Amino acid sequence: MNYLLIGNEYYNLRKRKNELLSGIQQSDLNVIYYNDASESAIDEIVNDCQTVPFFADKKVIVCTNPLFIVDNKNAGKDDLNKIINYLREPTDTTELIIYVEKNMSLNQNALKQLIKYLNVEKYDALNEEEFTELVKKDLKDAHVEINNAALNLLLKRLPLNVENWKSELNKLCIYDKPLDKEAINSLVCRQLEKDAFALTKAINKKNLVAALQIFHDLLTINKSDLLGLLALVAIQFRTMSQYKILQEMGNTNNDIAQKMNVSAGSVYYKLKECDGRNSGQLLNMLNELALLDQNIKSGKIDPVLGMELFIVKAVRSS
């Protein structure tokens, strides 16, 4: 059987690939890897697929992020046709695994043609509800005791990232007492990305009190990474400005999602967050952050004062 494993939830994506490889249990001689397969490798891939395994019943070809799927102007149709021609009459002794991480622009037409011949398994990032259920299930399966207040705090501190969560779970399993808020505070670090998101949201809502409170709360925990916070806030405003520019050009949310290779839902919520601001205003704030970054690094302004002034200016901007 031949597979297409695709998604942006990398923990389970990689786990599934390893499960397939371990299930076949072949020697290294019969497992061949092609990473970021270029045009010149297509003939080799097809040839390896058609070649009999070495003293075994099966062989496996793992093709990661090939150019005939990754949207690349240099990848011609001939490459895709060669793979499809093979898949129409595949070799019984070969299992082909096409492994695609959705962190890049993909050739949708190529995917549409390939899924006719492959067993497709998708592993997309979990939404908040799905992630919450996963955390609860993992804690229960691991027999970790935790009260509701601690669970809520844990969920607030975790990014929606399964791989990160599995790492945190290993740490929580070592703790030999029931988990409370104090334990979570000690064991699980706050995620700067979430704090940056909350700060940006408060700025866009023009809630000066909330924005300054979030910022000052951060200072009590991690004053040393203000430049990291500044960079993450800049990423938020850069994303919003990109979406806003495309929207002002007449693109729908679905159009923007396709062009930016994200979900339509994420586009909707980002545009909703900056509703009332135009692309020019968002770009001005991005420029202010770039200037602040330079001034902090050159020692022209105190980092804390600089961030406070930016927050006040950004909130009061029309």
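Here are some friendly notes on this predicted model, going from the whole chain down to single residues.

1. **Ground rules.** Because this is a predicted model, local features need pLDDT of at least 70 and side-chain atom pairs count only at pLDDT 80 or more, while totals for chains, interfaces and linings use all residues. Residues are numbered from 1 along each chain as its sequence is written, and side-chain values use heavy atoms, with hydrogens and water left out.

2. **Overall picture.** The chain has 15 helices and five strands; these are DSSP runs numbered from the N terminus, with H or I over at least four residues for helices and E over at least two for strands. Along its principal axes, the C-alpha trace spans about 70 × 55 × 35 Å. Of the 318 residues, 42% count as buried (buried means under 20% relative accessible area, exposed over 50%, partly exposed in between, with a 1.4 Å probe and protein chains only).

3. **Surface and contacts.** The accessible surface of the chain comes to about 17,800 Å², and 49% of this belongs to carbon and sulfur atoms; areas come from the Shrake-Rupley method with a 1.4 Å probe, and for residues only the protein chains shown count as cover. Among contacts in the chain with a separation of 6 or more, 77% are between residues 24 or more positions apart (contact means heavy atoms within 4.5 Å).

4. **The sheet.** You will find five strands in an open sheet, ordered β2-β3-β4-β1-β5, with parallel pairing (two strands pair if DSSP finds at least two bridges between them). At the edges are β2 (31-35) and β5 (119-123), each of which pairs on one side only. From one strand to the next, the twist averages 15 degrees. The pairing of β2 with β3 (residues 59-64) is parallel and runs over five bridges. Asn35 has Thr64 in β3 as its bridge partner.

5. **Helix α1 over the sheet.** Helix α1 (residues 10-24) lies across β1 (3-7), β2, β3, β4 (94-101) and β5, and it runs at about 170 degrees to β4. For such angles, axes are lines fitted to C-alpha atoms, for helices over the stretch in contact, and the values run from 0 to 180 degrees between N-to-C directions.

6. **Arg16 and its two partners.** The structure holds 11 salt bridges (a side-chain nitrogen of Lys or Arg within 4 Å of a carboxyl oxygen of Asp or Glu). Arg16 is worth a look: its salt bridge with Glu19 has the closest N and O atoms 3.6 Å apart. Both residues lie in helix α1, three residues apart, about one turn of the helix. Glu19 is partly exposed, at 38% relative accessible area. Arg16 also forms a salt bridge with Glu121, where the closest N and O atoms are 2.8 Å apart. That pair links distant parts of the chain, with Arg16 in helix α1 and Glu121 in strand β5, 105 residues apart. Glu121 counts as buried at 14% relative accessibility.

7. Lys297 and Asp293 form a salt bridge with their closest N and O atoms 3.1 Å apart. They are four residues apart in helix α14 (residues 279-297), so about one helical turn separates them. Lys297 is exposed, with 60% relative accessible area, whereas Asp293 counts as buried at 18%. Elsewhere, salt bridges that share partners join Arg14, Glu101 and Glu163 into one network.

8. **A nonpolar patch.** Leu29, Phe54 and Phe55 make a nonpolar surface patch of about 420 Å². Patches are made of residues with over 30% relative accessible area and no salt bridge; like charges are joined within 9 Å, and nonpolar side chains (Val, Leu, Ile, Met, Phe, Trp, Tyr) within 5 Å. Leu29 is in the loop between α1 and β2 and is exposed, with a relative accessible area of 61%.

9. **Two backbone angles to check by eye.** Most residues other than glycine have a negative phi. Asn65 has a positive phi, near 45 degrees; it lies in the loop between β3 and α3 (77-88) and counts as buried at 7% relative accessibility. Asn261 also has a positive phi, near 60 degrees. Asn261 sits in the loop between α12 (253-260) and α13 (264-273) and counts as partly exposed at 31% relative accessibility.

10. **Leu283.** This residue is found in helix α14 and is partly exposed, with a relative accessible area of 33%. Leu283 touches Ser241 and Ile245, leaving aside residues up to four places away in sequence. The C-alpha atoms of Leu283 and Arg238 are separated by 7.3 Å, and the two residues are 45 apart along the chain.
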